[in-house]
Amino acid sequence: MAKLLLCLEGNVIKEFRLNRDRFTIGRRANNDLQIDNLAVSGEHAAITTVGRDVFVEDLDSTNGTILNGSPVKRQLLQDGDEVTIGKYVIKFWKEAQDAPGSATEGTDFEKTMMLRAPPGGGAAAPPKPVQQPAAPQAAAAPQAPAEPVKLGVVKVLTGANAGRELPLTKNLTTLGKAGVQVAVITRRPQGYFITHVEGATTPRVNGTEIGNAARQLNEEDLIELLGVQMAFFTH
Amino acid sequence: MVSLIQALEIAGLTNPGLVREHNEDAIGFDAEAGFVVLADGMGGYNAGEVASGIAVEVISHNLRELLGQHPPHRPLRGRTLPAAYDLLAESVRQANVSIYGTAQSQPQCAGMGTTLVAGVFFDNRILVAHVGDSRLYRMRGEEFMQLTRDHSLLQEQIDSGLITPEEARYSANKNLVTRAVGIEEDVEVELSEFETQPGDVYLFCSDGLSDMVDDSELGEQLMALSGNLPLAAGQLVQQANDNGGRDNISVILVAIKREYPAHWGLWSRLAAWLS
């Protein structure tokens, strides 16, 4: 369960657990968090929980709700976000770790689950963990390799484009001509690899045809494709 | 009449990824009959594998048999939509019955279910059935787009404007589906039909791919490698693993090599006269 820390001038005044789907903040007494201050509207803001996501929502307050320095209407909260209402700052923390001993938790991360519990699903069904250990911020989104490989470059040595350099900035760069001969250079956590895509012959690396398997490229490897010679370097 | 096997090239791969012990995905396809099935199972222990396995098995068996008996482009007796609609929906329902029944009778399988995306190719069209968050994308020329809309909490929130697609990338609700096969007595199947064109490439995938690799990168890689379908499938799986491989990854690619119009013959002329 996520929690909110109410702070004033850098001091934590109170801690709240988000144990309901809608947690309201305002000056009036009917709010879950009452802030008795004239800069705070009667119904100022709400913290809503949808599944595992938590949102902050401004309820058309007079002085606005500020998230990490910018006014917001409604936005997804991330671990460590700060919501400012009047002079008060509310810090948002997702639940840190589950109780020790839940070693299997990690393997259940992001497993596809039904939103609703199946009706009449026998008691034998293993309980589905609702809370997950907090993951690093980047984990939810596609992420880059931890240590980026050095930037690879292909330098054309012969033919009309001789002297041109092609930086391999994408995960996948194609070389050659569609329908005739195409090879692709992939950037992977382990380095750069060249693979044959189409065409009657496969590219040569240092004079040897690579066949259909991917071949890792090493510094100063000489690539030949469609009669053009290229060299592979890293910067 | 062009047979489907001359018109469709299919390549499929399923991979456990780097984190999971089991592969709970299952895939099946048949270029001759013209169908593709991909399922992403869920449930405790190995029940997810059982559910996705049943789904692919039942649907493949049904479609292979039924598509041989009924021309998919013609309506069944007393029906108005092409038979493919009824055959595909019925096959998914049978898979649902089979998974639900097994879950009820086998305690270790209680609560299991599976997401599903399945396609039937006929008459220069594809009819797609989906349940949950397994997806179908299409590459046509420079355009790469998602054709199915997930049955998930996140998609519902995006649709109702409660969360922006940009915020959705950071949502913790990616894995909560609102529909699945085998969870309840009946299943709601979404069917949609699209015209196909020679040169199109269709990507069926589980969320182990779409959660790990951006749509823009999926599109770019598919365009670069569409000349070599097995390599493209391998590259997509590899990219998902290079990005962390947090879930099972399944990919089926279908390239449309030429048109495959149905042979309407006497029936269509009769229908034309009667209309």
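Is B:Glu188 buried or exposed? B:Glu188 is exposed, at a relative accessible area of 54%. The cut-off for that class is over 50%. This is a predicted model, and every value here is computed from it.

B:Glu188 has a salt-bridge partner, B:Arg179. The closest N and O atoms of the two are 3.4 Å apart.

## The interface of chains A and B

Start with the contact counts. On the chain B side, 50 residues are in contact, and they meet 43 residues of chain A. The two chains bury about 4,200 Å² between them. Carbon and sulfur atoms account for 53% of that area.

Chain B and chain A share 2 salt bridges. B:Glu220 and A:Lys170 form a salt bridge, with 3.6 Å between their closest N and O atoms. Several elements of chain B give two or more residues to the side that touches chain A. They are β3 (35-42), α4 (153-159), β8 (176-177), α7 (215-225) and α8 (229-242). Sorted by class, that side of chain B has 19 nonpolar, 15 polar and 16 charged residues.

## A strand pair between chains

Strand pairing also links the chains. Strand β12 of chain A, residues 113-114, pairs with β8(B). The sense is parallel, and the pairing runs over 2 bridges. Within β8(B), B:Val177 stands opposite A:Met114.

## Salt bridges within the chains

How many salt bridges does a search of the whole structure find over all chains? The total is 21. One joins the side chains of A:Lys73 and A:Asp60, at 3.4 Å from N to O. A:Lys73 sits in the loop between β8 (70-72) and β9 (74-76) of chain A, and A:Asp60 in the loop between β6 (53-58) and β7 (65-67), so the pair ties together parts 13 residues apart in sequence. A:Lys73 is partly exposed, with a relative accessible area of 47%. A:Asp60 is exposed, at 64%.

Chain B has a salt bridge between B:Glu193 and B:Arg125, whose side chains meet at 3.4 Å, N to O. This pair links distant parts of the chain. B:Glu193 belongs to strand β9 (residues 190-195), B:Arg125 to strand β5 (residues 125-131), and they are 68 residues apart. B:Arg125 counts as buried because its relative accessibility is 13%, below the 20% limit. B:Glu193 is partly exposed, at 31%. Both residues belong to a network of salt bridges that also takes in B:Asp123. Side chains of opposite charge can pair when their charged atoms come close.

Strand β16 of chain A (residues 181-188) is mostly covered. Of its 8 residues, 7 are buried.

A:Leu175 stands opposite A:Ala183 of β16(A). The two strands form a hairpin with 3 residues between them. In the turn, A:Gly179 has a positive phi of about 85 degrees.

The hairpin that joins β16(A) to β17(A) passes through 2 residues.

## B:Asp200, a buried charged residue

Where is B:Asp200 found? B:Asp200 lies in the loop between β9 and β10 (201-205) of chain B. Its relative accessibility is 1%, so B:Asp200 counts as buried.

The side chain of B:Asp200 makes a polar contact with the side chain of B:Arg140, at 2.7 Å. Beyond its neighbours within four places in sequence, B:Asp200 is in contact with B:Arg138, B:Met139, B:Arg140, B:Glu195, B:Val254, B:Ala255 and B:Ile256.

Methods
Residues numbered from 1 in each chain as written. Chains lettered and ligands numbered in written order. Predicted model: local features only at pLDDT ≥ 70, side-chain atom pairs only at ≥ 80, totals over all residues. Heavy atoms only, no water. Contact = heavy atoms within 4.5 Å. Buried area = accessible area lost by both parts, 1.4 Å probe. Salt bridge = Lys/Arg side-chain N within 4 Å of Asp/Glu carboxyl O. Helix = DSSP H or I, 4+ residues; strand = E, 2+ residues; numbered from the N terminus. Nonpolar A, V, L, I, M, F, W, Y, C, P; charged D, E, K, R; others polar. Pairing = 2+ DSSP bridges. Buried < 20%, exposed > 50% of the residue type's maximum accessible area, 1.4 Å probe, protein only. Polar contact = N/O pair within 3.5 Å; in protein donor to acceptor, adjacent residues only side chain to side chain.
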